[in-house]
Amino acid sequence: MPRLATRTHDFLTFHAVELFKQGQALQAAGKDIISLGIGEPDFTAPPQVVEALERAARAGLSGYSPPAGLMPLREAIAQFYHDKFGAKINPARVIVTAGASGALTLACAALVNGGGEVLMPDPSYPANSNFVLAAGGVPRLIPSSAEKRFQLSAQDVARNWTPATQGVMVASPSNPTGTSIAPDELADLLAQVRERDGFAIVDEIYLGLSYEGEARSALTLDDDVIIINSFSKYFHMTGWRLGWMIVPEDMVAPVEKIAASLQICAPTLAQHGALACFTEQAMKTFEHRREAFKQRRDYLLPEFERLGIPVPVKPDGAFYIYADISSLGMDSSTFSQRLLLEAGVAAVPGLDFGPAHGNHTMRFSYATGLDRLEEAVARIGKLLQR
Ligand SMILES: Cc1ncc(COP(=O)(O)O)c(C=O)c1O
């Protein structure tokens, strides 16, 4: 076997995906597993979107697209950001990518130097560290707390910035906590970064799934942030591998150049299908489903309290509950395995999201129907009684 690059050791294992594989194997062996593990909506693309993809495939529109994506789609995304999140942007700043993952890869390739540090909160989406490592950078997880809604603060930036630091990565609402950064706090954080000439990557993949009041893009606070978003979550199209980034004007050409090599283009047929996401009918469907997610959250929060695994900060978006299992007397890996093997419920140990709270937290995804959530609560209750 050839000698592997040292980064293969540095890359963190994505436990949520490992758990998903374990759950699928158990399911294949005939066990009934309720999946509260992977962050994947149980809804699929609405019919209008599937029909648009079919039409495009039949018309033979399956060649490469320009590296930054089909212009009508970039225009539709810019309009969506204006109508839904209050940000007025030139469509030329939108770059269509292979999921938010593709956007994060390109963003890090364009911004992170070898040895350059990137600050992010602990807990964070686990792959973020790996995107930074892949670009030769150094991820630095800054322990956060319930008081800070498990987010990075302006003070964290000021305290932890070193001459090697290049920027920050945050997600609002966040994975794993479902908590957002309040606009005034985000503005302070962005000001600190700007003062240091750094970059801010703001992942808004869950912004469409906000449950408390109007959702506003970070672009309404600072036009220079690098926005990440996707068709995976609000639009329920995980496997279509389609997302986008919004970059400052001056970054468009360099990112396009990198995109042309690293992805050539995002999947073209998926792009044709995605155009139908922005029709009135499809948007109604997405909003209806957002309400369904909110209902699930509102059902689960008191149930978790009752089970003795409280949720330290009420999530205001995404489809995750980040619960504290300190009172159970076992660490999150043990609880996760017992939950899977004894109760048939898959949920992710907090360790996946960073060491600060890893041992005593668990992430439960409610991207599963209410009836299954009720069954999951009953199963967890029974396990805890044992
Ligand atoms: C915060 C966050 N960013 C990015 C991604 C990657 O999503 P995509 O399917 O668009 O690549 C995820 C997926 O769970 C996520 O939670």
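Author: Helix 5 (residues 99–111) and helix 6 (residues 127–134) pack with their axes 8 Å apart, at an angle of about 40°. The model is a predicted one.

Reader: Which residues make the contact of helix 5 with helix 6?

Author: Helix 5 contributes Ser101, Leu104, Thr105 and Cys108, and helix 6 contributes Asn128, Phe131 and Val132. By class, 4 of the contact residues are nonpolar, 3 are polar and none is charged. Cys108 is placed among the nonpolar residues because Cys counts as nonpolar by definition.

Reader: What makes helix 2 roughly parallel to helix 12?

Author: Helix 2 and helix 12 (residues 332–343) pack at an angle of about 20°, and their axes lie 11 Å apart. Angles under 35 degrees count as roughly parallel, so helix 2 is roughly parallel to helix 12. Helix 2 passes helix 12 in a right-handed crossing.

Reader: Which residues of helix 2 and helix 12 make the contact, and how do they divide by class?

Author: On helix 2 the contact is made by Leu19, Gln22, Gly23 and Leu26, and on helix 12 by Ser336, Gln337, Leu340 and Leu341. The contact has 4 nonpolar and 4 polar residues, with no charged ones.

Reader: How is empty space in a structure found?

Author: A probe the size of a water molecule is rolled over the atoms, and this shows where empty space is left.

Reader: What is the volume of the largest pocket, and which residues are closest to its centre?

Author: The largest pocket holds about 510 Å³ of space. It is lined by 26 residues, of which Phe14, Gly39, Ser101, Tyr125 and Lys233 are the closest to its centre. Helix 2 (15–28), helix 5 and helix 6 are the elements that give two or more residues to this lining. Helix 5 supplies the largest share, 4 residues. The lining of the largest pocket divides into 14 nonpolar, 7 polar and 5 charged residues.

Reader: How many cavities of 30 Å³ or more does the structure hold, and why is such a space called a cavity?

Author: The structure holds 2 cavities of 30 Å³ or more. The term cavity applies because a 1.4 Å probe fits inside but cannot get out, whereas a pocket is open.

Reader: What lines the largest cavity?

Author: The largest cavity has a volume of about 60 Å³. Its lining includes Pro121, Pro123, Tyr125, Asn128, Phe150 and Gln151. Strand 5 (residues 165–171) gives the most to this lining, with 3 residues. By class, the lining of the largest cavity has 7 nonpolar, 5 polar and no charged residues.

Methods:
Residues numbered from 1 in each chain as written. Predicted model: local features only at pLDDT ≥ 70, side-chain atom pairs only at ≥ 80, totals over all residues. Heavy atoms only, no water. Axes fitted to C-alpha atoms, helices over the stretch in contact; angles between N-to-C directions. Contact = heavy atoms within 4.5 Å. 1 Å grid on protein atoms, 1.4 Å probe; cavity = no way out; pocket = protein on both sides within 12 Å on 5 of 7 lines; lining within 4 Å. Points joined across faces, edges and corners; volume = space filled by probe spheres on them. Parallel < 35°, antiparallel > 145°, perpendicular 65-115°, else oblique. Left-handed = near helix turned anticlockwise from the far one by under 90°.
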